[in-house]
Amino acid sequence: MIRPRLLRKAGWMLREEPKLKHTFEEVGTREDLASPGLGACLGCAMEVSLRFALKVLGRNTILFLPAGCAVAVGTAGFGRTTGLKIPVVMPLLTQAASLPSGVKRHFLRQGIDANVVVFAGDATTADLGFASVSGAAERGENIIYICYDNEGPMNTGYQRGSTTSYMAATPTTPVGTVTRGKGQPAKDVPLIMAMHRVAYVATASIAYPYDYRAKLERAMRVKDGFVYIHLLSPCVSGWRFDSEMTMEVGRMAVESNAFPLWEADHGRLRITKRVAFPRPVKDYLQLQGRFRHLSDAEVSEIQKMANRRLRELEALTRIR
Amino acid sequence: MTLSETKAYTHAATTVLDGNEAAAYAAKLCRVEVIAGYPITPQTPIMEYLAKLVASGELDATLVLPEGEHSVMSVVEGASMAGARTFTATSGQGLAYMYEPYYATSTMRLPVVMCLAMREMAMPWSGWASHQDAVSVRDAGWIQLYVETVQEVLDTVIMAYRIAEHPDVLLPVNVCYDGFYVSHYATGVHLPEQEEVDRFLPPYKADHVFLDPEAPVSVNIAAMPADMMRYRRSHAQAMAQARRVIQEVDGEFGRVFGRRYGGAVEGYRLEDAETALVTMAGMTGTARVAVDQARDRGASVGLLKVRSFRPFPFKEVREALRGKRAIGVIDRNLCFGWETGVLFVELSAALAGMTPFPRIIGFVAGLGGMEVTVADLLGAAGLVQRAAAGQEVPRVTWLGVEDQVR
């Protein structure tokens, strides 16, 4: 039998991280602030990410949920019911960061110290509402902005978005004799936010809950500016994998460096989950139906892009 | 004189302000708590004046300067949702850009006050006066008050908070004035005392919307169809109640400050007149002069100024125009598809079924900053006289361009 310590020594990240058990004992047993009956797809990463975030953030939180899966599953409620035990507002997509800015500004005037948290999808964050996110970041609004990135507007059935991966097949970028899926690489939103020189930026994944938790807790302590957390949120229906594979896909994204986990705390960038012997990106891609059409040459092109992005991040970590 | 220099003159009876300064000074007198703004001509100086007042500590407010008008409206909406008294202003393209949160603010029933230094809409480009921006958003659920003078800008902003925050209303208010003609026109203005304004306008306490972790509720979520119907009906009722409140607040303002504006409409030499001109906002001053001159020449003409465009004062308008033989509506805007102005269309609807039914003719004037002169309005009054005498006159006349009437 191979011993975990030896494997770690060899650089392999392990599935059974010791912190994992601790995190679930600590956070998992806390009060669930969302209704047990949310209507998310079986295996939805967003739902687990939201429930987990609320357990960490606690009751002293005002949540802003722009239209998207996170609302459609019933968190904000319908009609006269609510799906959460905390105040929740459903802003316009385009005011995802500006509406909470106004709320937070008046809270500060009144001396109310509540977490003002946005939990928005990538279509809101990277596309429709990007001006408001960029503006709030530049103004240093003291809000926690969490983007769950499932790489497209999933609430409408997974169309192309600016965070959709290169060559991914979507209903609006189908694979045909002329096109091979999305023709452009994804917009690197977390890095763009880091370049706004905001207080705290991090990437996170529910597949690494201890890392995610630490970043949320760091975010709550930030009182001097804007916080941006970018979650990878594997999507069973859009990305086309079996519902029990959600965490596997999330882990493979990190282990293949397709989605590195890092943070930039007041400008200092650090990779929080280093992968000593990364898996080939192919292992991540072949788990998903949206990449089934890729040729070996196309996979190696994507591998090169992932390598380059990691080198960029590594270079930024060296700046002191 | 800059606004901060006017402080020394606060206790003097009058000072000199332009329309934008008056709006800013009124916001200060109303003790606004959160202000947001983005520069656009001709509204820009308001935010500069307010920034100066905040910087000098004369005004204890949070000033937020976002990346565009969409976020301006959203910040103000959020702050109002959190219970703040809020203020903003914009013009033309800025208003068009904020249309989405503009609609959300009224349908969230948030008593925001926003000045509109009205300007023409593109294309082609024009930064000059027109009511096109303001009338284009007439169905977005806001109260819109169109004002004539710099003094009226100042007084109406103060009244606007009373109207907006009234428990029977709880709707946002636009105070609309002509770009440049009023926004940049400096004139003597009477400044109310802060103590008087404090007595007239108590602090805002929001109890219809709140964000409190101790009392969690969902705000603005998806409504079921029947709830949506009820919700819209309550908004419509609030608009109807606003008609009464606008009148009451105008009366009370008159008692406290000694100036009244007639509430929803104001007549000028109208009662004994056989014909009438109908105007909104800045051109009304010119129309008063034109009416005086026409009267001197023996014409029986009066003037009706529509001050509250939303809610539309159909009762007051019918009352004021009852028995008139002909009416000329001067529009500083264009209602595409009617080949005339919006006020013409709405006034015709308001007077529908009235007996005897007056002849109503339309005038389009002053688009893109075009001056509306006394001569233009004398020509209009003459045409209305001819209509009253039963002569054939065009349904719509464009003033100041080739089919000029004299």
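Me: Leaving aside neighbours within four places in sequence, which residues is B:Glu100 in contact with?

Reply: This is a predicted model, so every value here is computed from predicted coordinates. Leaving out neighbours within four places in sequence, B:Glu100 is in contact with A:Leu92, A:Thr94 and B:His70. Two of those names carry the letter of chain A: A:Leu92 and A:Thr94.

Me: Is B:Glu100 buried, exposed or partly exposed, and why?

Reply: Count the C-beta atoms around the residue. A residue is buried at 20 or more within 10 Å, and exposed at 12 or fewer. B:Glu100 has 16 inside 10 Å, so B:Glu100 counts as partly exposed.

Me: How far is B:Glu100 from B:Ala140?

Reply: Their C-alpha atoms are separated by 9.5 Å. Along the chain, the two residues are 40 residues apart.

Me: Which helix holds B:Glu100, and which of the residues of that helix are buried?

Reply: First the general idea. An α-helix has 3.6 residues a turn, so residues three or four places apart point the same way. Now the case. B:Glu100 sits in helix 5 of chain B, residues 99-107. The buried residues of helix 5 of chain B are B:Pro101, B:Tyr102, B:Ala104, B:Thr105 and B:Ser106. These buried residues pack against helix 3 (69-81) of chain B. After helix 5 of chain B comes B:Arg109, with a positive phi near 60°.

Me: How many residues does each chain bring to the contact between A and B?

Reply: In general, the size of an interface is often given as the accessible area lost when the parts come together. Here we count residues instead. Chain B brings 35 residues and chain A brings 34. On the chain B side, strand 3 (62-64), helix 3, helix 5 and strand 9 each supply at least two residues. Helix 3 of chain B gives the most, with 9 residues. By class, the chain B side has 20 nonpolar, 9 polar and 6 charged residues.

Me: Which strands pair between chain A and chain B, and in what sense?

Reply: Look at strand 2 (residues 88-89) of chain A and strand 9 of chain B. They pair in the parallel sense over 2 bridges. A:Val88 has B:Ser218 as its bridge partner in strand 9 of chain B.

Me: What is the strand order of the open sheet of 7 strands in chain B?

Reply: The order is 3-2-4-5-7-6-13, with mixed pairing. Strand 3 and strand 13 (308-310) of chain B are the edges, each pairing on one side only. From one strand to the next, the twist averages 20°. Strand 6 (residues 143-146) and strand 13 of chain B pair in the antiparallel sense over 2 bridges. There, B:Leu145 stands opposite B:Ser308.

Me: Which strands does helix 7 of chain B lie across?

Reply: Strand 5 (113-118), strand 6 and strand 7 (173-178) of chain B. The helix runs at about 165° to strand 7 of chain B.

Me: Which residues touch the most other members of the largest nonpolar core?

Reply: In soluble globular proteins, nonpolar side chains tend to be buried together. The largest nonpolar core here has 228 residues, and B:Val157, B:Val175 and B:Leu277 touch the most other members. Helix 7 (residues 150-165) of chain B gives the most to this core, with 10 residues. Beyond four places in sequence, the contacts of B:Leu277 include B:Ala287, B:Val291, B:Ile330 and B:Val384.

Me: Why is strand 15 of chain B called largely enclosed?

Reply: Strand 15 (residues 359-364) of chain B has 5 of its 6 residues buried, so it is largely enclosed by the rest of the structure. Strand 14 (residues 326-331) of chain B runs parallel to strand 15, joined by 6 bridges. B:Ile327 stands opposite B:Ile360.

Terms used
Residues numbered from 1 in each chain as written. Chains lettered and ligands numbered in written order. Predicted model: local features only at pLDDT ≥ 70, side-chain atom pairs only at ≥ 80, totals over all residues. Core = buried A, V, L, I, M, F, W, Y, C linked by C-beta atoms within 7 Å. Helix = DSSP H or I, 4+ residues; strand = E, 2+ residues; numbered from the N terminus. Contact = placed C-beta atoms within 7 Å. Nonpolar A, V, L, I, M, F, W, Y, C, P; charged D, E, K, R; others polar. Pairing = 2+ DSSP bridges. Axes fitted to C-alpha atoms, helices over the stretch in contact; angles between N-to-C directions.
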